[in-house]
Amino acid sequence: MEVFMHQDVKKILVSAEAIEQRCRELGKQISDDYRKDGEVPVLVALLNGSVPFLAKLITYIDLDIEYDFMDVKSYEGTESIGDVRILKDLDRSIKGASILLVEDIVDTGRTLHEVSKLLLNKGAGKVKIVSLLDKPSRRVIAIQPDYTGFVIPNEFVIGFGLDFNEKYRNLPYVGVLKDECYL
Ligand code: IMP
């Protein structure tokens, strides 16, 4: 039997229209802020989850930006001492660059904390963060995105880049899966 992905969704938390509107607002705010500071950011997007967000957001940033990708994996284990393994590194030098890290969701905060440190160690002049979603109730490390799309409750979400077992990334909205999909 064929299974279609929309049938697996229990509820939609953030609609496609809301994402579009918020990306427009964020793009304008980012453009205004960097213009005020006389800087042009290099966007560093974390694979794979941030791809749809990056793709939409950049169409609303009115600056001569460049973007690049990194893929990292958090080490499993201790709660407080995080570290990341780099699966794909940047293709360019970022010495002195003003970096805007693009992420799908901030959960415990470990990934962004470690990646920010790593980018500063590579010589980045400044690192700011834009995240589509923020789940502050799950935070382990005190890290706050400079730009946030939506603050969401403590629920596991899928869609618009976010996956469950690598699926549902192509949903045009952010939603919650039906309980039976986790079985
Ligand atoms: P953190 O290091 O705990 O902040 O984890 C961030 C990463 O965990 C994100 O980039 C996602 O890949 C993953 N993640 C956290 N919460 C969710 C969720 O609700 N759905 C899908 N992936 C999630």
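This note covers the strand pairing, the cysteines and the ligand site of a predicted model.

1. Basis. The model is predicted, so local features need pLDDT of at least 70 and side-chain atom pairs count only at pLDDT 80 or more, while totals for chains, interfaces and linings use all residues. Residues are numbered from 1 along each chain as its sequence is written, and side-chain values use heavy atoms, with hydrogens and water left out.

2. Strand β5. Helices (H or I, at least four residues) and strands (E, at least two) are DSSP runs, numbered from the N terminus. In strand β5 (residues 98–106), 9 of the 9 residues are buried, so the strand is largely enclosed by the rest of the structure. Buried means under 20% relative accessible area, against over 50% for exposed and in between for partly exposed (1.4 Å probe, protein chains only).

3. Partners of β5. Strands pair if DSSP finds at least two bridges between them. Strand β2 (residues 42–46) runs parallel to β5 and is joined to it by 4 bridges; A45 has V102 in β5 as its bridge partner. Strand β6 (residues 126–134) is also parallel to β5, with 8 bridges, and L100 stands opposite K128 in β6. From β5 the chain passes through helix α3 (residues 110–121) to β6 in a right-handed β-α-β crossover. Right-handed means that, with the strands pointing away from the viewer, the path from the first strand over the helix to the second runs clockwise.

4. Strand β3. β2 pairs in the parallel sense with strand β3 (residues 66–74) over 5 bridges, where V44 has D68 as its bridge partner. Together with helix α2 (residues 51–58), β2 and β3 make a right-handed β-α-β unit. Strand β4 (residues 84–88) is antiparallel to β3 and joined to it by 4 bridges; D71 stands opposite K88 in β4.

5. Cysteines. With a disulfide taken as a pair of cysteine sulfur atoms within 2.5 Å, the count is 0. C23 is buried, at a relative accessible area of 1%. C181 is buried too, at 18%.

6. Ligand. The ligand is surrounded by 15 residues, the closest being T108, G109, T111, K135 and V157; the criterion is a heavy atom within 4 Å. Polar contacts are pairs of N or O atoms within 3.5 Å; within protein, one must be able to donate a hydrogen and the other to accept it, and residues adjacent in sequence count only if both atoms are side-chain atoms. A polar backbone atom of D107 is 2.9 Å from a ligand oxygen atom. K135 places a polar side-chain atom 2.9 Å from an oxygen atom of the ligand. A backbone N or O atom of V157 lies 2.7 Å from a ligand nitrogen atom.
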